[in-house]
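This report describes the structure displayed below.

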Amino acid sequence: MGMQRVTLALTELRCLDQSEGAGGSEPYIWVTYFAVGAQQLPFQTGIPGVITPSFNGFRTEFPNGMKAGQATGIPPMLASASFDMDLDSGVQPKLVGCIAVLMEEDETPDSSIVLGLIAYSKEIETQLNALVKKRILDGDTSPLRDAEITALREAVAAKVTAAIGSNQQTISALFRNQDDPIGSTFRTFTHSADDAGRSEIKFQFFDFPEISKGRDRFLLSGRLSLGPVLPDPVDRCATPRAALKAQQQEVASLQRQIMSLQQQLQQAGPGAKAGIVASIRATAERLTQAEARLPALQAALDACLTPFNEGLLDSVAGSTGLLNKKFE
């Protein structure tokens, strides 16, 4: 079989029951995909490959008012991740898996939820690395156990709660209906090179264990598939694409800095406010300059992506006319 591209995809979230009354539930998920024994991912520093999609629209892209019996697809930005894995090699252990956290949207500010997602992403990678290192030291290649996942969930939940709470003023937090965690679920699939019959890494549709809390009950479904690892296509527009992406990242970074400074300003004492205001103004000026460079970079990329420019089209048209005359 050799090197295979193993893809985990989430296909559907189904509401079995909900506690939000006639208005229905407003669910959304955070998701992390991981693999052990796969080819190293770019910039990967730990043992397992870990992918937590960074997508700030995770609340708005899920429907509101879900009721028992209704289902929704998963937004494409969250729905899948792939790992390249040589299933014939003797390297052990080999597994792929997915962890999903189901939340109920209420009134927590978007900025607080984004900070919660960042904390979740960092902590779950830390906990997965620690878990895999311990298993390798112990020579343990068995599927992940419920106790291990429970410990991971608790560590991650503590970090997320702290991150969200740190971004809200005490008074507003007390009088706001906060987003609620309904629960989390996970699935792992293992492969043994010694016994092909034991391999769970094969094409299949599957359900996660049910996510429930009180009356709320949801079922997440997915698909695991394998395919050949195709060579990366040559990107003739790599340079202008990279330049535009770098500028977009700079703009996003400056926007985050301004948001952070504004939050600091709300909580700062009188003596610190003047310095923070000056920093906001200076950062805003840098942001304006960075945003002004975007149109030219976008135009350069668009020009590269255009298969034929006008001059080339004119040249082709002229050549066609000459050919037509030749054969008249």
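Is Tyr120 buried or exposed? With a relative accessibility of 1%, Tyr120 counts as buried, where buried means under 20% relative accessible area, exposed over 50% and partly exposed in between, for a 1.4 Å probe and protein chains only.

The model is a predicted one, in which local features need pLDDT of at least 70, side-chain atom pairs count only at pLDDT 80 or more, and totals for chains, interfaces and linings use all residues. Residues are numbered from 1 along each chain as its sequence is written, and side-chain values use heavy atoms, with hydrogens and water left out.

**Overall composition**

The protein comprises seven helices and 10 strands; these are DSSP runs numbered from the N terminus, helices being H or I of at least four residues and strands E of at least two. Of its 328 residues, 38% count as buried. Contact means heavy atoms within 4.5 Å. Among contacts between residues at least 6 apart in sequence, 78% join residues at least 24 apart.

Two strands pair if DSSP finds at least two bridges between them.

| Strand paired with β6 | Sense | Bridges |
|---|---|---|
| β2 (residues 27–36) | antiparallel | 10 bridges |
| β7 (residues 180–191) | antiparallel | 11 bridges |

Val101 in β6 stands opposite Trp30 and also opposite Ser184 in β7.

**Aromatic pairs**

Rings of Phe, Tyr and Trp (its six-membered ring) pair if their centres lie within 6.5 Å; planes under 30 degrees apart count as stacked, over 60 as edge-to-face and the rest as tilted. By this rule there are four aromatic pairs. One of them is the tilted pair of Trp30 and Tyr120, with 5.4 Å from centre to centre and 40 degrees between the planes. This pair links distant parts of the chain, since Trp30 lies in strand β2 and Tyr120 in helix α1 (residues 110–138), 90 residues apart. Trp30 is buried, at a relative accessible area of 2%. Elsewhere, ring pairs join Phe189, Phe206 and Phe208 into a cluster.

**The surroundings of Ala290**

Ala290 belongs to helix α5 (residues 270–292) and is buried, its relative accessible area being 0%. Apart from neighbours within four places in sequence, Ala290 is in contact with Gln247, Glu250, Val251 and Leu254. Leu254 is 36 residues from Ala290 along the chain, and their C-alpha atoms are separated by 8.8 Å.

**Enclosed space**

A cavity is a set of points, on a 1 Å grid over the protein atoms alone, where a 1.4 Å probe fits but cannot get out; lining residues have an atom within 4 Å of a point. Grid points are joined across faces, edges and corners, and a volume is the space filled by probe spheres set on the points. The structure holds one cavity of 30 Å³ or more, and the largest cavity contains about 90 Å³ of space. Its lining has 13 residues, of which Val36, Leu95, Val132, Arg135 and Leu144 are the closest to its centre. Helix α1 supplies the largest share of this lining, five residues.

Terms used
On a 1 Å grid over the protein atoms alone, a cavity is a set of points where a 1.4 Å probe fits but cannot get out, and a pocket is an open set with protein on both sides within 12 Å along at least five of seven lines; lining residues have an atom within 4 Å of a point.
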